[in-house]
Amino acid sequence: MEATQESQNRWKHKDLLGIEPLEAAEIRMILEAAKSFAEISRRPIKKVPILRGRTIINLFYEPSTRTRSSFEIAEKRLSADTLNFSSSGSAMSKGETLLDTARNLEAMSPDMIVVRHRSPGTAKFLADRLRPAVINAGDGAHEHPTQALLDAFTILQKKDRIENLRIVIVGDILNSRVVRSNLFLLNKLGAKVTLVGPPTMMPKEVERLGARVSWNLDEALEGCDVIMMLRIQKERQSAAGFPSHREYFRLFGLTQERVRRAQEDVIIMHPGPMNRGVEIATEVADGPLSVILEQVTNGIAVRMAILYLLAGGSASEITT
Amino acid sequence: MKLLLKNGHLIDPARGIDGRRDLLVVDGLISRVEETILSAEAKVIDLAGLMVAPGFIDMHVHLREPGREDAETIESGMKAASAGGFTSIACMPNTDPPNDNQSITEYIVREARRHQGVNVFPIGCISRNRAGKEMAEIGQMVRGGIVGVSDDGSPVDSAALMYQVLEYTRMFGIPVIDHCEDRDLAGEGVVNEGFLSTRLGLRGMPSCAEEIQVQRDAALARYAQGRIHIAHISTQRGLDVVRAARGEGTAITCEVTPHHFSLTEAAVEGFDPNAKMKPPLRSEADREAVLAALKDGTIDAIATDHAPHNIIEKEVEFDQAAFGVTGLETAVSLALDRLVKPRVIDMTRLVSLFSVNPARILNLGKGRLAPGDDADITVLDLKRETEIRADRFLSRSRNSPFLGWKLQGAAVMTLVGGRILNDTR
């Protein structure tokens, strides 16, 4: 009996590739563990020896400031040795295949590899072929599981629950890995999700992933508990599916006026980086309902929890 | 040299034969086909319990020579073909350099003769350097031995060029074969657009990118009174267009690949690069439409689109991987197991799809076993259990989505011009 309980408090998978394959209980285990780690970042000495002697490689094929720094800080606060490989100035830009680069890194005996890549499926591709645990830090428009977990952690912090919350996600649904991971997670934990954006940014049959789809932001915001804004990729405007930023902001930009349609205690989230005045008005981004910077803070705790569990730690006996 | 094939069950749709026959082969040609033949001097081959058919023809194969001999050579492709039950193959011109002139055509014909195996019929480019701008020297290539033209792999974007080539080829009596894809619309897609592309975050190609181009080609063929053949058709609506155009008398034919009748986009699950090809694997509704069209005759031929790739072009990120899968050594078993065994089609229809119709479309003078015809023969064992294994492939490449599949039915013997190329009875 005790053995069974103990196994339920441990991570069963070799890797963390996405939210889709996880059970609700596994998601809860990560979120629960993250609470213990949140406290460490508030100490004067923000370091514990939990992963001392472990080596973690951050393999980033796409530019990333937030996610890469967040992982690196999480790794350092757990005392792991970390190595950063990014796409400029290394073998990656010299025509070596992904698999060759990864095998060379594997030959240096890391315990974990955190990977960010623009191609969907890349984290799985590496996980299937390499011994170290692989953590998906974003694979194309597929999944970004740690973002969804830190979003859920933030929602729980503010709302104490996820079940039956009305959550509206607004923006470029088609190209967003954040949306896919969030949809999987929020559905598993019982939230009611509405996706909002122009039809040109809505992937085919997305309703089948468990969401209501709306093209009318005002209507969708009515009485909602959480608003999650997505970044509009300014650099991709030609194929973006809308004629101008001005028109986009008119139709889908989050303004003070629009926020009033939601619940009084609505929280406003954004995975960053924000385009002020394109998808979100400055006064909303900086206003009292915004939890955008708390998401960043929570990202570290959630990633510490994931690193700890993947390293074999038990959720029931975290001593920090 | 006399060979007597005894006791086999002959399926020869062109002559309406479906029964036990003996075949006498003399000097590479069919001499007699009768219920019982006795010959003291002929070497006797007993085919009791086996099916005998006019040689199978794969009208859509990519040999990678010249240019990418690491993935396939003319010789290795020919060996894979005979092992898979084919006696003739037509090879697409997207080599490096491409087969857009008589000297490359003649090189392919000469190399194929030198290796003495299956018949190899080159297909020439529609446009110079496959660039889609100006016509290649089609007349010169016909003299060299091409049996059709295509810019396969590169759809012909220009309606004006397609119109011109449909008119021009009329004087040679060869078909224009088009890879139907509106490239603007398909964009940078890597899989079929639908729920799967949504879930996996992969870029999708809408199925109407095929339909639109089939519609355009049908309109042009009708107007130009030319002959259009639609390569590897994959969508329900594309098939509807072919059916309607043929009903109006347009000279339009089409082929389907074994992967499009055996698989759906679900095979992409887990990001398997061997499930990546163009056109992409489609929905189950599309696959069912393909089965219906195989049954009702809308589809004329099964062709593999055998597209060998070196593993280094497949063992990469999914959206970076090369498009295409091999097919020569799996097609016949897939058709027997997935089409004949569940009675989607009967053996007569199967032989029409693999032999009679491709021979007719390409004017090969084959696809029949009457006295005087070439003794190109495919022998099938409908009971043979086979497992698809990469280490048994004679192709230089291994990029098959069917590895590990267990199938019932196989080609067990291949004769070309009366010569036994392959015998695994």
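How many residue pairs are in polar contact across the interface of chain B and chain A? Keep that in mind while you look around this predicted model, and begin by selecting the two chains together.

Show the residues where the chains meet: 18 residues of chain B are in contact with 24 residues of chain A. Now pick out Phe195(B), Thr198(B) and Glu317(B), which together supply 33% of the area that chain B buries against chain A, more than any other three residues. The area buried between the two chains is about 1,800 Å², and carbon and sulfur atoms give 55% of that area.

Turn next to the polar side of the interface, where the rule finds six residue pairs in polar contact, with both residues at pLDDT 80 or more. If you colour the side of chain B that touches chain A by residue type, you will find six nonpolar, six polar and six charged residues. The rule also finds three salt bridges across this interface; to see one of them, select Arg129(A) and Glu315(B), whose closest N and O atoms are 2.8 Å apart.

Finally, select the cysteines, bearing in mind that a search of the whole structure finds zero disulfides over all chains. Centre the view on Cys125(B), for which the nearest cysteine sulfur belongs to Cys91(B) and is 11 Å away; Cys125(B) counts as buried, because its relative accessibility is 0%.

Definitions and conventions:
Residues numbered from 1 in each chain as written. Chains lettered and ligands numbered in written order. Predicted model: local features only at pLDDT ≥ 70, side-chain atom pairs only at ≥ 80, totals over all residues. Heavy atoms only, no water. Contact = heavy atoms within 4.5 Å. Buried area = accessible area lost by both parts, 1.4 Å probe. Salt bridge = Lys/Arg side-chain N within 4 Å of Asp/Glu carboxyl O. Polar contact = N/O pair within 3.5 Å; in protein donor to acceptor, adjacent residues only side chain to side chain. Nonpolar A, V, L, I, M, F, W, Y, C, P; charged D, E, K, R; others polar. Disulfide = S-S within 2.5 Å. Buried < 20%, exposed > 50% of the residue type's maximum accessible area, 1.4 Å probe, protein only.
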